[in-house]
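Please consult the sequence and the coordinates alongside the text.

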Amino acid sequence: MIASVRGRVAAVSPDGAVIEVGGVGLAVQCSPQTLADLRVGHETRLATSLVVREDSLTLYGFADDEAKQLFELLQTATGVGPRLAQAVLAVHTPEVVRRAIASNDTSTLTRVPGIGKKGAERLVLELRDKIGALPGDGAALVGVGVGAVWAEQVRQALTGLGWTAGQADQAVAAVAEQLDGGTVPPVPVLLKQAIRMLGTLR
């Protein structure tokens, strides 16, 4: 299982990228949102999910671990393969998908090409109990207002990368102190800031 890749972006195409890892170029299928943050020649880290078929090995890449986990969760539903799961994440953010499933919001799910009303109802029926707690549902998050949802996402990503919960909390608090109360940067940007801060704390 290839859980993540880190390396130089060698190429970017409409549906994927090539990441050089240890001299080997790995072809990774990505959503448009993930591809938008990649720059040829720059180093990146992608959470990945390897899908094994009889005639192929396909690596799917994601900007963070939350998207990867949702990608894998969606495939546990009847009739959902990797292509459709990726299409869901190309249309909606992970938080929107989780909330749609948790609240039986089938109209949001049917905006994804390939998911009709019955398919959306099946997703809700089969996944609602697996979604778990949603960010912001009673959890004490660092930050202000609705934008504080980023804190939990960054915290989960850091613990997924191997840091302790205490270290993750410390990094999230440090990042929150630097926010000026205006527009909150995207989660991948905040995650990079947190990782840099953890590097200085070690």
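The questions below proceed from the overall fold to individual residues.

Me: On what basis are the values in this discussion given?
Reply: Residues are numbered from 1 along each chain as its sequence is written, and side-chain values use heavy atoms, with hydrogens and water left out. The model is predicted: local features need pLDDT of at least 70, side-chain atom pairs count only at pLDDT 80 or more, and totals for chains, interfaces and linings use all residues.

Me: How many helices and strands are there in the protein, and in what order do the elements run?
Reply: Helices (DSSP runs of H or I, at least four residues) and strands (runs of E, at least two) are numbered from the N terminus. The protein has 9 helices and 5 strands. From the N terminus on, the order of the elements is β-β-β-α-β-β-α-α-α-α-α-α-α-α.

Me: In what order do the 5 strands close into a barrel?
Reply: Two strands are taken to pair if DSSP finds at least two bridges between them. The pairing in the barrel is mixed, and the order is S1-S2-S3-S5-S4. Direction ignored, neighbouring strands of this sheet are turned against each other on average by 55°.

Me: Which strand runs parallel to S5, and which runs antiparallel to S5?
Reply: Strands of a sheet pair through backbone hydrogen bonds, in either a parallel or an antiparallel manner. S4 and S5 form a hairpin with 2 residues between them, and Val-52 has Leu-57 in S5 as its bridge partner. Gln-29 has Tyr-60 in S5 as its bridge partner. The parallel partner, joined to S5 by 3 bridges, is S3, and the antiparallel partner, joined by 7 bridges, is S4.

Me: Why does Ser-49 count as buried?
Reply: Buried means under 20% relative accessible area, exposed over 50%, and partly exposed in between (1.4 Å probe, protein chains only). Ser-49 counts as buried because its relative accessibility is 4%.

Me: How many of the residues of helix H2 are buried, and which residue caps its N-terminal end?
Reply: Helix H2 (residues 65–74) is mostly covered, with 8 of its 10 residues buried. Among them are Ala-67, Leu-70, Phe-71 and Leu-74, and the buried residues of H2 pack against S4, strand S5 (56–62), helix H3 (82–91), H4, helix H6 (117–127) and helix H7 (149–160). At the N-terminal end of H2, a side-chain oxygen lies 3.3 Å from the backbone nitrogen of Glu-66, and the capping residue is Asp-64.

Me: Is Lys-68 buried or exposed, and which backbone oxygen does its side chain reach?
Reply: Lys-68 belongs to helix H2 and is buried, with a relative accessible area of 10%. Leaving aside neighbours within four places in sequence, its contacts include Met-1, Ala-47, Thr-48 and Phe-62. The backbone oxygen that the side chain of Lys-68 reaches, at 3.2 Å, belongs to Ala-3.

Me: Where does UniProt place the feature "domain: Helix-hairpin-helix DNA-binding motif class"?
Reply: UniProt positions are given in the numbering used here, feature names are shortened, and annotations may be inferred rather than shown by experiment. In the model, residues 72–91 are 65% helix and 0% strand, with end C-alpha atoms 16 Å apart. Residues 107–126 are 65% helix and 0% strand, with end C-alpha atoms 17 Å apart. The unreviewed UniProt entry places the feature at residues 72–91 and 107–126.

Note on methods. Contact = heavy atoms within 4.5 Å. Polar contact = N/O pair within 3.5 Å; in protein donor to acceptor, adjacent residues only side chain to side chain. Axes fitted to C-alpha atoms, helices over the stretch in contact; angles between N-to-C directions.
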